[in-house]
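Here is my note on this model, point by point. Please read it with the structure open.

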Amino acid sequence: MINKKSSGSEWYNEIIETASLVDKRYPVKGMNVLPPYGFKLVSIVDSIIREAVNSNGFEESMFPMLISRDQLSVEFEHVKGFEGQVFWVTRGGNEPLEVDLALRPTSEAAMYPMFSLWIRTHSDLPLKLYQIVNTYRYETKHTRAFIRDREIHFFEAHTAHADFDDSERQMQEYKQIMKNISQKLCLPYVINKRPEWDKFPGSQYSLAFDLILPSGRSLQIGTIHQYGENFAKNYDIRYSDPAGERKLVSQTTYGMSGRLIAAIVFMHGDDKGLVLPPYVAPIQFIIVPIPGENRNLAKYSTRVLEQIASLGYRVRLDNRGSYTPGFKYNDWEMRGVPFRIEIGSKETEGNFITIVPRNTGKRSKIQISELQNSLASAVTTLQDDLMKAAEEKMREMTVQVNDIKNAKTSTGMIRLMWCGRKECADKIEQETELSCLGYPQDDSGEGKCVICSLPAKPAYFSRTY
Ligand SMILES: [Zn+2]
């Protein structure tokens with residue numbers, strides 16, 4: 001296994017394939033196969049997202065993958081923003097199509113014509129929908145599984161509100177939802193307001209959830225966008241208010257992708273392989289029997305398996321006869337299973353199990369009678385440990401610099417004073433090869449721009465994925 005610290009990107013490329021999260025041998029560039037273990041992980045993250053948005057009044061829906069050129073062209077900034085990235089379907093069989101069809105790069109143009117039919121009066125608002133589908137973008141940069149794919153596993157929420165204030169409330173709700181999701185994934189982040197030139201095409205402003213990975217590069221794991229009335233104007237999405245007046249709705253969106261998987265892999269993994277937080281792990285407990293004198297081993301192991309399963313955990317018994325326990329330990333550690341359970345003669349006779357958390361590797365005993373409480377507390381402890389470790393890594397990788405020279409030689413999320421003007425950001429980007437992430441939302445510092453010395457606020461710059 002490649003060393004993670006010294007070669008983060010190669011480590012990532014290797015581990016996602018060795019651990020069966022993805023098979024990159026599919027013969028279409030930027031499109032990968034998810035084998036069962038990887039698909040299960042993706043599905044669990046999806047279900048965490050579903051639970052979080054459903055409990056906030058969102059409803060799941062499904063819109064077509066193909067969008068006509070006319071539909072896509074309705075909002076000018078939006079279509080311009082995706083111009084170079086759209087896959088086009090231009091033929092049906094041997095016939096050229098009358099109208100070219102785009103594979104959705106995102107679904108505004110698929111959804112909003114329907115919103116304009118569905119929304120009639122103020123009682124139809126707020127409308128809060130989402131879908132989890134694949135989207136398609138013709139990426140010309142180097143593709144990387146889960147980070148920059150041409151087929152993207154995508155969560156997108158779209159809302160419509162009676163006025164701007166209500167859509168601003170929605171933006172706050174998104175932040176709470178993200179907090180809830182990220183705690184389960186053990187992923188800390190900062191919220192950055194993207195600069196004007198990097199906001200979502202057609203939006204008023206965009207906030208991004210950025211985390212800084214141990215490699216020193218930042219990864220955007222989610223974005224929320226305030227559209228105001230911009231799309232509503234173009235797609236004619238109006239409602240009658242209580243006085244009968246026709247008004248435009250105000251809209252927001254929230255997007256996340258397979259990058260959440262990349263963040264989990266990158267943030268928690270080590271030289272032995274993946275480390276998966278218990279909440280997301282496809283297998284939370286792996287039972288490895290250690291063959292010995294005791295004849296009850298098989299029966300006892302099965303009993304433990306059934307008991308743990310009955311508590312609602314994802315558990316598996318590794319019965320593969322042709323492998324040694326040592327081989328199995330390494331194999332499941334590499335796949336990031338949060339807990340190994342060892343069962344040998346002592347355990348069978350003493351009516352207990354030996355449990356080994358993936359992060360510490362420290363063995364401890366749990367009596368069968370204590371299983372329920374002890375497993376629950378082991379899960380909580382591991383979740384907490386991973387979150388704390390990730391927060392610590394983020395802190396280590398966040399660097400305050402006072403001048404452009406120091407920015408050049410530092411790695412991580414660089415905090416520096418920036419006046420907000422594009423010409424200064426361009427200069428910083430050129431000299432440091434970092435990208436402007438924008439202004440963090442929870443930082444009220446003040447100072448002078450590192451380029452022009454005008455009054456400035458702290459901004460983040462980093463290398464990005
Ligand atoms: Zn400046």
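1. Start with R25, which is exposed because 8 other C-beta atoms lie within 10 Å. The cut-offs: buried takes 20 or more other C-beta atoms within 10 Å of a residue's own, exposed 12 or fewer, partly exposed in between, with C-beta atoms placed from the backbone. R25 sits in the loop between α1 (8–18) and α2. Its C-alpha atom is 33 Å from that of D198, and the two residues are 173 apart along the chain.

2. Ground rules. This is a predicted model: local features need pLDDT of at least 70, side-chain atom pairs count only at pLDDT 80 or more, and totals for chains, interfaces and linings use all residues. Residues are numbered from 1 along each chain as its sequence is written.

3. Helix α2 (residues 36–54) packs on helix α6 (residues 164–185) at about 150°, with the axes 10 Å apart. That makes the two roughly antiparallel (angles over 145 degrees; under 35 is roughly parallel, 65 to 115 roughly perpendicular, the rest oblique). Axes are lines fitted to C-alpha atoms, for helices over the stretch in contact, and angles run from 0 to 180 degrees between N-to-C directions. Helices (H or I, at least four residues) and strands (E, at least two) are DSSP runs, numbered from the N terminus.

4. Contact here is C-beta atoms, placed from the backbone, within 7 Å. The crossing of α2 and α6 is right-handed (near helix turned clockwise from the far one by less than a right angle; anticlockwise is left-handed).

5. The largest nonpolar core has 100 residues. A nonpolar core is a set of buried Ala, Val, Leu, Ile, Met, Phe, Trp, Tyr and Cys residues joined through C-beta atoms within 7 Å. Those with the most contacts inside the largest core are L187, L211, I261, A263, I264, W418 and F461. Helix α8 (residues 259–268) gives the most, with 8 residues. A second, separate core of 20 residues includes A109, A110, A160 and Y239.

6. Take L211 on its own. Beyond four places in sequence, its contacts include L187, A263, M267 and M394.

7. Three strands form an open antiparallel sheet, ordered β2-β4-β3. Strands count as paired if DSSP finds at least two bridges between them. β2 (66–68) and β3 (88–92) are at the edges with a single partner strand each, so one side of each has no neighbour in the sheet. β3 pairs with β4 (residues 95–103) over 4 bridges. R91 has P96 in β4 as its bridge partner.

Definitions and conventions: Two residues are in contact if their C-beta atoms, placed from the backbone, lie within 7 Å.
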